[in-house]
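Please examine the sequence and the structure shown below, and then read the points grouped by topic.

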Amino acid sequence: MKRLKKIKQLGSVPDTLLRYASRFDPKEMWEKISSSAGRAGQEVVMMVLTMYYTIESSVKDIRRIRLDGSVGIKDILILAGAIAYFVIPTDLIPDFLPMGFADDIAALTAAFKSGKKIFSAISVEKAEKKTREIMGDNFDEATAVRMVGEIINARKNGSKD
């Protein structure tokens, strides 16, 4: 709770976003990816990993909310909140139900779109490499190329779309 108060002092951040971002746990993220990559799909895995590697490279100490200055706190909270939402099994639509990832995909897609302008080439490269490893023979090159292209275009244009 103390950490939430500290974050709240940094600017106007919605309470819901703070609650999810505070539950961000890389260990749980890796467990969720390894257990659900086949059901969730390559695009979800690559979105999560791109956001994760962006957080990892931008935050010196997630527990103390110390940033290196390359990415703003609100951006980090959006990415961490979306990943936490994906990880939590009992969200709006529980993941074990048919179409259980629909709400997770919506949250991840929104965060991914907002983050396209801040994703570094290194984060994207790491995400693509790890996604390729996780998906194995089910890795689709065309999907990876499309996603990387969208990120490059967003960075070039300086836009979020």
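**Helix α4 against helix α6**

In this predicted model, helix α4, which spans residues 42-58, and helix α6, which spans residues 102-115, have axes that come within 10 Å and cross at roughly 45°.

- The crossing of α4 and α6 is left-handed.
- On the α4 side, the residues that meet α6 are V44, M47, V48, T50 and M51; on the α6 side, their partners are I105, L108, T109, A111 and F112.
- Sorted by class, this contact of α4 with α6 comprises 8 nonpolar residues and 2 polar ones, with no charged residues.

**The chain as a whole**

- The protein chain contains 8 helices and 2 strands.
- Followed along the sequence, these elements give the pattern α-α-α-α-β-β-α-α-α-α.
- The protein chain has 161 residues, and 46% of them count as buried.
- The accessible surface of the chain amounts to about 8800 Å², and carbon and sulfur atoms account for 55% of that surface.
- When contacts between residues at least 6 apart in sequence are considered, 70% of them join residues at least 24 apart.

**Helix α4 against helix α5**

- Helix α4 also packs with α5, at an angle of about 135° and with the axes 10 Å apart.
- This angle makes α4 oblique to α5, because only angles over 145 degrees count as roughly antiparallel and those from 65 to 115 as roughly perpendicular.
- The crossing of α4 and α5 is left-handed.
- By class, the contact of α4 with α5 holds 10 nonpolar and 2 polar residues, and charged residues are absent from it.

**Helix α3 against helix α5**

- Helix α3 covers residues 26-40 and helix α5 covers residues 73-87; their axes come within 10 Å and cross at roughly 65°.
- The crossing of α3 and α5 is left-handed.
- In α3, the residues E28, M29, K32, I33, S36 and A40 meet I83, F86 and V87 in α5.
- The contact of α3 with α5 has 6 nonpolar residues, 1 polar residue and 2 charged residues.

- Apart from its neighbours within four places in sequence, E128 contacts M46, F139, E141, A144 and V148.
- T143 is located in helix α8 and likewise counts as buried, at 15% relative accessibility.
- Residues up to four places away in sequence being set aside, T143 touches Q42 and E43.
- T143 and M46 are 97 residues apart in sequence, while their C-alpha atoms are 9.6 Å apart in space.

- K117 is situated in the loop between α6 and α7, where α7 comprises residues 121-135.
- With a relative accessible area of 29%, K117 is partly exposed.
- K117 and N153 are separated by 36 residues in sequence and by 8.7 Å in space, C-alpha to C-alpha.
- N157 belongs to helix α8, which runs over residues 141-157.
- N157 has a relative accessible area of 60% and is therefore exposed, since the exposed class begins over 50%.
- N157 and K117 are 40 residues apart along the chain, and their C-alpha atoms are separated by 8.4 Å.

How values were computed
Residues numbered from 1 in each chain as written. Predicted model: local features only at pLDDT ≥ 70, side-chain atom pairs only at ≥ 80, totals over all residues. Heavy atoms only, no water. Axes fitted to C-alpha atoms, helices over the stretch in contact; angles between N-to-C directions. Helix = DSSP H or I, 4+ residues; strand = E, 2+ residues; numbered from the N terminus. Left-handed = near helix turned anticlockwise from the far one by under 90°. Contact = heavy atoms within 4.5 Å. Nonpolar A, V, L, I, M, F, W, Y, C, P; charged D, E, K, R; others polar. Buried < 20%, exposed > 50% of the residue type's maximum accessible area, 1.4 Å probe, protein only. Areas by Shrake-Rupley, 256 points an atom, 1.4 Å probe, with all protein chains shown as cover. Parallel < 35°, antiparallel > 145°, perpendicular 65-115°, else oblique.
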